Amino acid sequence: MVKFRGIMPANLLPFTADLAIDELAYRKHLRWLADTRGVTGIVANGHAAEVSSLSREERTRALAIALDEVGTRCPVVAGVYSDGTQEAVALARDARAEGAAGVLVFPPTLFMWGAQVKPDMVIRHYAEVAAVGLPIVAFEYPPASGIGYASETLARLAEIPQVVAVKDWSNEIVAFEANLRALRATGRPVAVLSAFTMSLMATFLLGADGAISGMGSVTADLQAELFAACQKGDLDGARRINERLEPLVRVFYAPPFVDMHNRMKEALVLLGRIPAAHVRPPLTPVPPPERESTRRAVGAPGLR
């Protein structure tokens with residue numbers, strides 16, 4: 001039985017110059033993640049993998065590569081990114097057929113037009129994906145996006161037996177704590193996995209059960225050390241690790257936010273973990289000044 005807790009990086013997906021999946025680089029990246037102490041799972045086909053630019057066939061292929069490369073050592077969760085419930089169900093079935101340990105269900109962008117006041121839409125979407133039979137991680141977006149679920153809706157989602165975790169990207173510490181309290185109050189063992197990477201230590205200290213993070217593709221080792229220190233109550237140690245993470249947090253999440261994973265790819269190139277930082281349109285390459293900022297952040301003490 002997979003335990004949805006600890007550090008579960010969302011892998012970046014390397015591309016070749018012609019923007020095909022770079023399988024050799026991808027496999028190397030996956031091995032580094034799976035071999036990192038404290039990593040308890042990997043999320044494929046998430047935001048960090050530029051999932052919106054992948055065809056259904058490419059998503060199936062990317063998941064198959066991940067499962068082949070590290071699936072015997074590390075649970076692999078598949079992202080289900082779709083604006084339609086029927087397609088989400090089909091993607092979940094693909095994930096089950098490949099052997100994924102679970103699915104991370106993204107909110108349809110349609111929800112930004114008022115689903116916050118129609119929670120039955122949300123419940124129905126998840127219930128139909130749940131019928132596939134895989135464990136589900138529900139993806140909570142920032143309330144300001146219009147797609148984030150109210151705490152009460154998350155508590156209702158927790159009543160669905162297949163919902164075993166929530167990836168909380170509320171990105172606002174008051175909302176994060178309210179969600180955490182609402183989920184704990186249900187009495188169900190639903191893990192709360194922080195995606196609040198800009199303030200990860202705070203969420204760990206509040207009681208998050210771990211993290212799902214694209215930044216984990218670069219700093220899974222430090223995130224695991226931070227989580228362990230917070231679990232032990234070692235606040236001084238946690239602060240030291242948090243200070244080591246801060247230069248990269250500042251660079252990765254600088255405006256425009258849309259470039260965060262582009263910058264993370266540049267960091268992996270600088271660290272020698274992937275050969276190139278190609279991204280698919282509509283994303284654009286990181287300009288030289290930002291590449292230099294990333295180089296300085298990667299060169300800060302504590303990264304390896």
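Colleague: By class, how many nonpolar, polar and charged residues does the lining of the largest cavity have?

Modeller: Please keep in mind that this is a predicted model. The lining of the largest cavity has 14 nonpolar, 7 polar and 1 charged residues.

Colleague: How much space lies in the largest cavity?

Modeller: The largest cavity holds about 210 Å³ of space. Its lining is made up of 22 residues, and those nearest the centre are Lys167, Ala195, Gly214, Met260 and His261. Strand E8 (210–213) and H10 are the elements that give two or more residues to this lining.

Colleague: Which element has the largest share of the lining of the largest cavity?

Modeller: That is H10, with 3 residues.

Colleague: Which residues line the second largest cavity?

Modeller: Its lining consists of Asn45, Arg59, Thr60, Leu63, Ala78, Gly79, Val80, Leu91, Asp94 and Ala95. By class they divide into 5 nonpolar, 3 polar and 2 charged. At least two residues of this lining come from each of H2, E3 and H3.

Colleague: Let us stay with H3. Which of its residues are buried?

Modeller: The buried residues in H3 are Ala88, Val89, Ala90, Leu91, Ala92, Asp94 and Ala95.

Colleague: What do the buried residues of H3 pack against?

Modeller: They pack against helix H2 (56–70), strand E3 (76–80), strand E4 (102–105) and helix H4 (119–130).

Colleague: How far apart are the end C-alpha atoms of H3, and what span should its 14 residues have?

Modeller: The end C-alpha atoms are 20 Å apart. At 1.5 Å a residue, the 14 residues of H3 (residues 85–98) should span 20 Å, so the two values agree.

Colleague: Which residue follows H3?

Modeller: H3 is followed by Gly99, which has a positive phi, near 105°.

Colleague: Changing topic, what about the largest pocket? How much space lies in it, and which residues lie nearest its centre?

Modeller: The largest pocket holds about 530 Å³ of space. There are 25 residues in its lining, with His47, Ser52, Tyr81, Val258 and Met260 nearest the centre. By class, the lining has 14 nonpolar, 7 polar and 4 charged residues. Helix H10 (residues 260–270) gives the most to this lining, with 3 residues.

Colleague: Now two single residues. Where is Asn11 found, and is Asn11 buried or exposed?

Modeller: Asn11 is in the loop between strand E1 (6–9) and helix H1 (23–35). Its relative accessible area is 1%, under the 20% cut-off, so Asn11 is buried.

Colleague: Which residues is Asn11 in contact with, leaving aside its neighbours within four places in sequence?

Modeller: Its contacts are Tyr26, His29, Leu30, Leu33, Ile42, Val43, Ala44, Ala48, Ala49 and Ser217.

Colleague: And where is Gln223, and why does Gln223 count as buried?

Modeller: Gln223 is in helix H8 (residues 216–232). Gln223 counts as buried because its relative accessibility is 2%.

Colleague: What does Gln223 touch, not counting residues up to four places away in sequence?

Modeller: Gln223 touches Ile7, Thr197, Leu200, Phe204, Ser213, Met215 and Gly216.

Conventions: Residues numbered from 1 in each chain as written. Predicted model: local features only at pLDDT ≥ 70, side-chain atom pairs only at ≥ 80, totals over all residues. Heavy atoms only, no water. Helix = DSSP H or I, 4+ residues; strand = E, 2+ residues; numbered from the N terminus. Expected span 1.5 Å × (residues − 1). Buried < 20%, exposed > 50% of the residue type's maximum accessible area, 1.4 Å probe, protein only. Contact = heavy atoms within 4.5 Å. 1 Å grid on protein atoms, 1.4 Å probe; cavity = no way out; pocket = protein on both sides within 12 Å on 5 of 7 lines; lining within 4 Å. Points joined across faces, edges and corners; volume = space filled by probe spheres on them. Nonpolar A, V, L, I, M, F, W, Y, C, P; charged D, E, K, R; others polar.
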